[in-house]
Amino acid sequence: MTFRRHLIAAAALASFAFAAPMAAQAVELRSADVHNSDDYPTVAAVRHMSEALSKQSGGKYTIKVFNKSALGSEKETLDQVKIGALDMNRINISSLNAICPKSLVPTMPFLFNSIPHMRRVLDGPVGEEILKGCESQGLVGLAFYDSGARSIYAKKPVRTLADTKGMKIRVQQSDLWVALASAMGANPTPMPTAEVYTALKTGLIDAAENNIPSYEGFKHYEAVKVYSHTEHSMAPEMLVISKAIFDKLTPAEQSMFRTAAKESVTFQRQKWDEQEAKALDIVLKSGSQIVKDVDKKSFQDAMKPVYAKFINTPDLQRLVKAAQDTK
C-alpha cells in the first residue's frame with residue numbers, strides 16, 4: 001500500500017470515529033489541500049480556523065491540514081468528503097461545477113471586474129446562496145478563499161486571442177474550463193495539479209493557467225518563463241465540510257464552525273495579498289517575464305458561447321446578473 005493510500009485509510013478511520021457518538025473528548029478533523037507550501041494562504045487559513053474553533057469549543061474541535069496532495073488529487077479528496085470518509089476539503093470551486101450548478105457562477109470568465117468586486121459578491125447574498133448550493137451532494141460550504149486572478153503562462157507571450165490558437169493548455173478537470181480554453185482556440189488538456197510541472201518541463205503541454213502564487217509555489221516558473229496577464233478568471237477556492245459530519249454536530253457547534261470559517265477568510269485574504277507580492281518578486285528575480293499589455297476584449301468577446309452553454313437556466317442567469325450588478 002502506498003504512503004498516500006495509508007493516509008487516505010487513516011483519514012477514513014478518523015472520520016468513522018467522528019461519526020460515533022461524541023462525548024466531550026477532543027475531535028481532530030482532517031482537511032485536504034493540494035498546495036505544496038505549508039505557509040500557502042489557504043493552508044494557513046484552515047490552520048487559523050482550527051485555532052479559532054478550538055478556542056470557541058473549549059478545545060473540543062481542531063483541524064489538521066493534509067496539504068501537498070497527501071490524501072490525493074482534488075477530485076479524489078472531494079469524492080471522500082462527499083461520502084464522509086474525509087471531513088473537510090479546500091478545493092478550487094471549478095471542481096464542483098459538474099455536481100453543483102450554482103458553483104458555475106463565480107467560475108465564469110471575466111465575471112468580476114476586480115478583486116474588490118469579487119470579494120463584495122462572495123461576501124454578500126450571492127455568495128451565501130452558492131455556498132448552500134452543494135448540500136444535496138453531501139457538501140456544506142463554509143467559506144470562500146481568494147485565489148487571485150488566473151492568467152496564462154507559457155514559453156511565449158500571450159497578448160491576443162490569436163496567440164492561444166492551437167496552444168496545448170493544461171486546464172482543471174472541469175467541463176467549463178475545457179470549454180473556456182476551446183473558446184480561446186486552444187487545445188485544452190485536463191490534468192491534476194500534481195502532474196503539471198512535469199508536463200510543462202517535458203513539453204507535453206505548451207502552457208498552463210493559474211495565479212501568481214501557484215505559478216511560483218508549484219515551481220512552474222522553472223519550466224516556462226512568460227506569465228501573461230489575461231486575468232480570465234477570479235474563481236475562488238471553497239472550503240467544504242462533509243454534510244455527513246456536519247449533520248452530527250449540534251446547532252451551536254455548527255454555528256461555531258461557520259463563525260471560525262468566516263474568521264479565517266479575513267486572515268486568508270491578508271495572507272493572500274502578502275503571498276502574491278512575495279511570489280511576484282520571486283518569479284521576477286528568477287527571470288520570468290510578466291506581460292501586462294494583453295488585449296482582454298478579444299478574450300472576453302470569445303466567451304459569449306461559454307456563457308450561453310453553461311449559464312443556461314433562469315436561476316443561473318439571475319445569479320450572474322446579481323453578481324455583475326453588485327456595487
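These notebook entries record what I looked up about the aromatic rings in this structure.

Entry on the basis. I am working with a predicted model, in which local features need pLDDT of at least 70 and side-chain atom pairs count only at pLDDT 80 or more, while totals for chains, interfaces and linings use all residues. Residues are numbered from 1 along each chain as its sequence is written, and side-chain values use heavy atoms, with hydrogens and water left out.

Entry on ring pairs. I searched the whole structure and found six aromatic pairs (rings of Phe, Tyr and Trp, the last by its six-membered ring, with centres within 6.5 Å; planes under 30 degrees apart are stacked, over 60 edge-to-face, the rest tilted). I looked at tyrosine 153 and tyrosine 215, whose ring centres lie 4.6 Å apart with planes at 45°, so this pair is tilted. Tyrosine 153 belongs to strand 5 (residues 150-154) and tyrosine 215 to helix 8 (residues 212-217), so the pair ties together parts that are 62 residues apart in sequence (helices, H or I of at least four residues, and strands, E of at least two, are DSSP runs numbered from the N terminus).

Entry on the neighbours. I then followed tyrosine 215 to tyrosine 221, an edge-to-face pair with 6.3 Å centre to centre and 70° between the planes. Ring pairs link Tyr153, Tyr215, Tyr221 and Tyr227 into a cluster.

Entry on burial. Tyrosine 153 and tyrosine 215 are both buried, and tyrosine 221 is buried as well (under 20% relative accessible area, with a 1.4 Å probe and protein chains only).

Entry on a charge. I noted that the charged end of arginine 150 sits over the ring of tryptophan 177, 5.1 Å from its centre (CZ of Arg, or NZ of Lys, within 6 Å of the ring centre and within 35 degrees of the ring normal).

Terms used
Buried means under 20% relative accessible area, exposed over 50%, partly exposed in between (1.4 Å probe, protein chains only).
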